[in-house]
Amino acid sequence: MDRIRIVGGHALEGTIAISGAKNAALPLMIASMLTRDTLTLENIPRVADVGMLLQILSHHGVDYSVDGRRPGDDPHASRTLHLTARDIVDTTAPYDLVAKMRASFWVIAPLVARMGEARVSLPGGCAIGTRPVDLLLMVLERLGAEIEIESGYVRATARNGLVGAEIHFPKVTVGGTHTALMAASLAKGHTLITNAACEPEVTDVADCLIKMGAKIKGVGQSTLEVEGVGSLSGATHSVVPDRIEAGTYAMAVAMAGGDVLLERASPDHLGSALEVLGQAGAAITINNEGIRVRRNGAGISPVDVETAPFPGFPTDLQAQFMALMTKAKGNSRITETIFENRFMHVQELARLGAQIRLDGDVAYVKGVKELQGAPVMATDLRASVSLVIAALAAKGETVVNRVYHLDRGFERLEQKLGRCGAVVERISGSN
Ligand code: UD1
């Protein structure tokens, strides 16, 4: 298993190119199953979850190809994928595939919308909270599918096709909104979706569906209207930049100090996270190329934060922000409102000398003068990268074990940080 070794105490200077958003790429790839034609997706990040989803999609009959390098290309540039689901050959998504990645459960929507049936294993994935799928199933039921649970599988059937309906989410859910948009696009008649997620990744999927011929109104808002169409066609779409990757590197700069341009990062997608970083003491400027983040010698100020659906502070940046607060000049309070148990990073941060007390969904962080490098363990995607951020400012050497969590969602992290002056290397191997 690979590990990452970091020697802390080096400021970051330079440019980091922000990749395409993993959380948009995955549902966009799944949307390719809604049509017999080819969906071309540009700016696909080189992360492990994409490879895993390709395996899952090809099991259902999706052909795919990846563009090779072109003259003058950056060898590390994001990829272009062509996905063609001419015929769906299997409507069952087996446990061994779905268990590897939670988001693959979302195949249920195009399968039932296009084929009238789906049998999908209940998901596994990141161990953050119980993460049920009841609201995704509620969507399909509202649209007329019959749902049964048998031996760890969800069977959804709509032999005569889905039918438009009113769908109200009692809780904002990204996966639920993707499911509703994809399924309603091929349902007969009109669907009204209220309390929908407004995350930029949802907007990106809606934009792509519209290019494929879907009729969606209200994109970017919490009320969406979909007029179902008989079939969708192919399209070409470029994945939005990854706001979580951008926010993560912004926090790394705030932590380590320095001056970094986050190329292609979109300030509109980071909203409250940039404000919070500003309050913590980072200087943020926006220009045509992206977001520039600087912090000089003046330490980090404590800021209280509560996670919330977009445009609030994203839960996917909570762990990284907590890492930053471990070295703030004072006490801060971080409240996690989206997922229970999303504090697995706390005990690992403590190994580096952080002082954090947990009380239910609140973490009380007491800033310390110095963190000390240590061996630590990555536990989930965002938690792992919080350890990297802490390590960048810790004294001495930190080795982050179980880096495969990090590889699921961060493209070439050690190269991106290394090029900006961080002392970071990947140690390959099983020992
Ligand atoms: C997506 C993101 C994840 C991010 C999360 C919240 C991807 C691949 N993953 O996950 O990185 O942290 O949005 O921004 O895009 N819920 C239910 N029932 C359901 C579905 C969800 O109760 O059927 C709850 C969840 O337990 C959670 C909340 O709704 O408390 C929000 O979850 P949701 O937005 O659905 O997260 P994901 O789409 O799984």
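In which sense do β7 and strand β9 pair, and over how many bridges? In this predicted model, the two strands pair in the antiparallel sense, and five bridges link them. Strand β9 covers residues 153–157. Thr92 has Arg119 of β7 as its bridge partner.

The protein is divided into two parts. Domain 1 is made of residues 3–18 and 241–427, while domain 2 covers residues 22–238. Taken over C-alpha atoms, the centres of domain 1 and domain 2 are 30 Å apart. The domains also touch. On the side of domain 1, 22 residues are in contact with domain 2. On the side of domain 2, 20 residues take part.

The shell holds 20 residues. Those that come nearest are Asp134, Leu135, Thr173, Asp316 and Ile338. By class, ten residues of the shell are nonpolar, six are charged and four are polar.

A backbone N or O atom of Ile338 is 2.5 Å from an oxygen atom of the ligand. Asp134 uses its side chain instead: a polar atom there lies 2.7 Å from a ligand nitrogen. Asn23 also uses its side chain, with an N or O atom 3.0 Å from an oxygen atom of the ligand. The ligand taken alone exposes 740 Å², and the protein buries 90% of that area. Two elements give two or more residues each to the shell, namely α5 (134–142) and α6 (174–185). Helix α5 gives the most, with three residues.

Another group of strands forms an open sheet. Its four strands follow the order β18-β19-β21-β20, and the pairing is mixed. The edges are β18, residues 305–306, and β20, residues 355–359. Each edge strand pairs on one side only. Strand β18 runs parallel to β19, residues 331–335, and two bridges join them. Within this pair, Val305 has Ile334 of β19 as its bridge partner.

Two loops show local backbone features. What is the form of the peptide bond from Phe310 to Pro311, cis or trans? The bond is cis, with omega near 10°. Pro311 sits in the loop between β18 and α10, the latter spanning residues 318–325. The other case is Arg402. Its phi is positive, at about 60°, although Arg402 is not a glycine. Arg402 belongs to the loop that runs between β25 (397–401) and α13 (404–407).

Conventions:
Residues numbered from 1 in each chain as written. Predicted model: local features only at pLDDT ≥ 70, side-chain atom pairs only at ≥ 80, totals over all residues. Heavy atoms only, no water. Near = heavy atom within 4 Å. Polar contact = N/O pair within 3.5 Å; in protein donor to acceptor, adjacent residues only side chain to side chain. Areas by Shrake-Rupley, 256 points an atom, 1.4 Å probe, with all protein chains shown as cover. Nonpolar A, V, L, I, M, F, W, Y, C, P; charged D, E, K, R; others polar. Pairing = 2+ DSSP bridges. Domains from an automatic or database assignment. Contact = heavy atoms within 4.5 Å.
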